[in-house]
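I opened my notebook to look up a few things in this chain. Here is what I had on screen.

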Amino acid sequence: MQLRESAFWVRFKANRWAYTLTILATLSVGILVGTIVSSSVKGKEGQKSSDATPLTIPDVKQLSNAFTQISRQMEPRRRKYQH
């Protein structure tokens with residue numbers, strides 16, 4: 001196993017430039033293709049959709065009151081212990 005690993009590294013060091021250029025060429029082609037593909041994609045930022053409803057945020061007091069009501073309903077009943 002040691003011999004295989006050392007042979008790999010020797011071969012890798014000998015062909016380092018070829019491996020580096022292959023990787024750089026592959027990355028360059030990928031970036032070029034991604035740029036061409038993404039340039040033809042258009043979004044709908046300027047168009048207004050009729051089915052979208054605007055988000056409304058309730059008042060903080062309403063949320064606090066609703067939380068208080070729910071927590072009172074969910075709290076366990078207190079038992080009165082008699083000695």
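Where in the chain is confidence lowest, and where is it highest? I found the lowest mean in helix H1 (residues 2–14), at 78. The highest is in H2, at 91. The score is pLDDT, the predictor's confidence in each residue, from 0 to 100.

I noted the ground rules. This is a predicted model, where local features need pLDDT of at least 70, side-chain atom pairs count only at pLDDT 80 or more, and totals for chains, interfaces and linings use all residues. Residues are numbered from 1 along each chain as its sequence is written, and side-chain values use heavy atoms, with hydrogens and water left out.

Next, the whole chain. Its mean pLDDT is 80, and 80% of its residues reach 70 or more. I counted 3 helices and 0 strands. Helices are DSSP runs (H or I, at least four residues), as are strands (E, at least two), numbered from the N terminus.

Then burial. Buried residues make up 0% of the 83 residues. Buried means under 20% relative accessible area, exposed over 50%, and partly exposed in between (1.4 Å probe, protein chains only).

I turned to H3 (residues 60–74). This helix has 15 residues and reaches 21 Å from its first C-alpha to its last, close to the 21 Å expected at 1.5 Å a residue. The expected span is 1.5 Å times one less than the number of residues. Of the 15 residues of H3, 0 are buried, so the helix lies largely in the open.

Last, I checked Leu27. Leu27 lies in helix H2 (residues 16–39). Leu27 is exposed, with a relative accessible area of 52%.
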